[in-house]
Amino acid sequence: QYTEHQLVLRLSPEEVDGAGQVGTFEPVATETFEPVGWFGPKDLPYNLMPEDDEIWYEDVVYGDKRLTGSFAFEGTKLVDHALRE
């Protein structure tokens, strides 16, 4: 199984929501996502996240980097990856 992630925008609670309101963004549950809250860089629950998140998440969310990457999985196990800025 092969998955590619590309993150274009950074989200934070301070950003403008879809209705144009500042500071009202709240994650919403979907069929495949259940929000568990906001976390600081040292408190991220990587044990609840896909295995690849630990590789790129802090750089993108807290480091303002824009990365393009590919991640190869066998089931839920990460077997290969490549990232570039």
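Here is a walk through the structure above, from its overall layout to a few single residues.

Keep in mind that this is a predicted model, where local features need pLDDT of at least 70, side-chain atom pairs count only at pLDDT 80 or more, and totals for chains, interfaces and linings use all residues. Residues are numbered from 1 along each chain as its sequence is written, and side-chain values use heavy atoms, with hydrogens and water left out.

Let's start with the layout. Helices (H or I, at least four residues) and strands (E, at least two) are DSSP runs, numbered from the N terminus. Of the 85 residues, 21% count as buried. Buried here means under 20% relative accessible area, exposed means over 50%, and partly exposed is in between (1.4 Å probe, protein chains only). The accessible surface comes to about 6,500 Å², and 52% of that belongs to carbon and sulfur atoms; such areas come from the Shrake-Rupley method with a 1.4 Å probe, and for residues only the protein chains shown count as cover.

Strand β2 (residues 68–74) and strand β3 (residues 77–84) pair in the antiparallel sense over 7 bridges. Two strands pair if DSSP finds at least two bridges between them. β2 is mostly covered, with 5 of its 7 residues buried.

What sits in the largest nonpolar core? Its 6 residues are Trp-56, Val-60, Leu-67, Phe-71, Phe-73 and Leu-78. Both α1 (53–61) and β2 supply at least two residues of this core. A nonpolar core is a set of buried Ala, Val, Leu, Ile, Met, Phe, Trp, Tyr and Cys residues joined through side-chain atoms within 4.5 Å. Take Trp-56 as an example. You'll find Trp-56 in helix α1, and it counts as buried because its relative accessibility is 13%. The C-alpha atoms of Trp-56 and Leu-83 are 8.3 Å apart, although 27 residues separate the two along the chain.

Val-36, Phe-39, Leu-48 and Tyr-62 make a nonpolar surface patch of about 390 Å². Patches are made of residues with over 30% relative accessible area and no salt bridge, where like charges are joined within 9 Å and nonpolar side chains (Val, Leu, Ile, Met, Phe, Trp, Tyr) within 5 Å. Phe-39 belongs to the loop between β1 (2–6) and α1, and with a relative accessible area of 31% it is partly exposed. Trp-38 is found in the loop between β1 and α1 too, and at 41% relative accessibility Trp-38 counts as partly exposed. Its C-alpha atom is 9.2 Å from that of Pro-27, 11 residues away along the chain. Gly-40 is also placed in the loop between β1 and α1 and is partly exposed, with a relative accessible area of 27%. From Gly-40 to Tyr-62 the C-alpha distance is 8.8 Å, and the two are 22 residues apart in sequence.

Finally, how many salt bridges does a search of the whole structure find? The search turns up 1 salt bridge, which means a side-chain nitrogen of Lys or Arg within 4 Å of a carboxyl oxygen of Asp or Glu. Glu-85 forms a salt bridge with Lys-65, and their closest N and O atoms are 3.9 Å apart. Glu-85 lies in the segment after β3 and Lys-65 in the loop between α1 and β2, so the pair ties together parts that are 20 residues apart in sequence. Glu-85 is exposed, with a relative accessible area of 71%, whereas Lys-65 is partly exposed at 33%.
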